[in-house]
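Hello,

Here is the structure I promised to pass on.

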Amino acid sequence: MPAFRVLTLNEVIIQKQSAFPYAKGELSRLLSHIGLAAKIVNKQVNKAGLVNILGEAHHVNIQGEAQQKLDVYADEVFIKALKASGIVCGIASEENDEIVIFDDDLSLDGSYVVCIDPLDGSSNIDVNVSIGTIFSVFRRLSPKGQKATIEDFLQPGTKQIAAGYVIYGSSTMLVYTTGLGTTGFTLEPSIGEFCLSHPYMVTPKSGKIYSINEGNYIRFPQGVKSYLKYCQEEDKETSRPYTSRYIGSLVADFHRNLLKGGIYIYPKTASNPNGKLRLLYECNPIAFLAEQAGGLANDGYGNRIMEIQPTSIHQRVSFFTGSKNMVITAENFMKEMGD
Ligand code: AHM
Ligand code: MG
């Protein structure tokens, strides 16, 4: 018989609800809808190699059914689940150029907007490598009862009410924060529940892992090049050389570094002059989780990611996140090289 000391996502959300300033159970409902959508997407991700779900979106399969790419499917599932929650009035998603506004009576009264990357790590989807969902929740600025506006989404990350990710990896995990620490749950597939597995996630102050796409080396700012040289130099006192690990899935790379200690860098490059990653639904939520676990998330130029005022929903930003001391050292190299 199981010990029944297992706490599920919904139980923990309800337990923590009273500590939340706007406690009316709304945020709990929203997070549990995200958990539900994650389970549906997870099911599909798990059988991605078996079913004809991969390939071109809108391609018609042998039964005459329209096939969908997994990222389009995930987008639809999360949108439906968030709409069904009745407390979200709009969504900004990586999959949609414009914001998606929910204009049914219930949703118009919703207090929240969500920024989401429904399935991040697109290059890994078709090859059975870890991918993730990343989300960020804000209270709306526009009056309730009206349609959500773009301004509701263009809030700095410091205004996030909640953020999190789902990693579809060797296990499926949901990691979230509401500003009271970073908490992780692992999906127990046989009972279909996210079970509390990482109550207080604290990232090491220093780590030994650096994660960056070194194939872009020639296009990196000089500060990043110098920092990489530092990472690779021999120095027993600081456990160098460090180890290089790069999956190419932000959630998976960040998750590993969060647990083990490390730094993730996606800098500005000659081909991506503003960086590649998106502020609203990739960097802000990851930054919130990193800071709540004792880490840092900056742009490489001494600016805190969560303090950047967004100007457009798909805005890109250069991103340095992970163990505090490593981010500080990397930014010192950037400062020294003046780029
Ligand atoms: P995507 O939103 O198209 O999937 O791009 C985001 C991904 C991140 O998950 C990952 O960290 C990064 O892009 C990898 O980029 P690159 O292949 O340039 O290293
Ligand atoms: Mg993405």
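Let me start with a term: buried area is the accessible area (1.4 Å probe) that two parts lose on being put together, summed over both. This is a predicted model, in which local features need pLDDT of at least 70, side-chain atom pairs count only at pLDDT 80 or more, and totals for chains, interfaces and linings use all residues. Residues are numbered from 1 along each chain as its sequence is written, chains are lettered from A and ligands numbered from 1 in the order in which they are written, and side-chain values use heavy atoms, with hydrogens and water left out.

**The two domains**

The domain assignment (bounds come from an automatic or database assignment) gives domain 1 (9-198) and domain 2 (209-336). About 2,700 Å² is buried between domain 1 and domain 2, with carbon and sulfur atoms giving 66% of that area. On the domain 1 side, Ile134, Leu154 and Tyr165 lose the most area to domain 2, together 22% of what that side buries. In terms of contact (heavy atoms within 4.5 Å), 47 residues of domain 1 meet 30 residues of domain 2. The centres of the two domains, taken over C-alpha atoms, are 24 Å apart. I found zero salt bridges between domain 1 and domain 2, counting a side-chain nitrogen of Lys or Arg within 4 Å of a carboxyl oxygen of Asp or Glu.

**The magnesium site**

Four side chains supply the protein donors of the magnesium ion (ligand 2): Glu94 (OE), Asp117 (OD), Asp120 (OD) and Glu282 (OE), at 1.9 to 2.3 Å. Donors here are N, O and S atoms within 2.8 Å of the metal (3.2 Å for Na, K and Ca); water is not among the atoms, so the site may look incomplete. Along the chain, the donors of this ion follow the spacing E-x22-D-x2-D-x161-E. Both Asp117 and Asp120 are buried, where buried means under 20% relative accessible area, exposed over 50% and partly exposed in between (1.4 Å probe, protein chains only).

**Cysteines**

The whole structure holds zero disulfides, a disulfide being a pair of cysteine sulfur atoms within 2.5 Å. For Cys89, the closest cysteine sulfur is in Cys115, 11 Å away and therefore too far for a bond. Cys89 is also buried, at 0% relative accessibility. The sulfur of Cys283 lies 12 Å from its closest cysteine sulfur, in Cys115, so that pair is too far apart as well.

Best wishes
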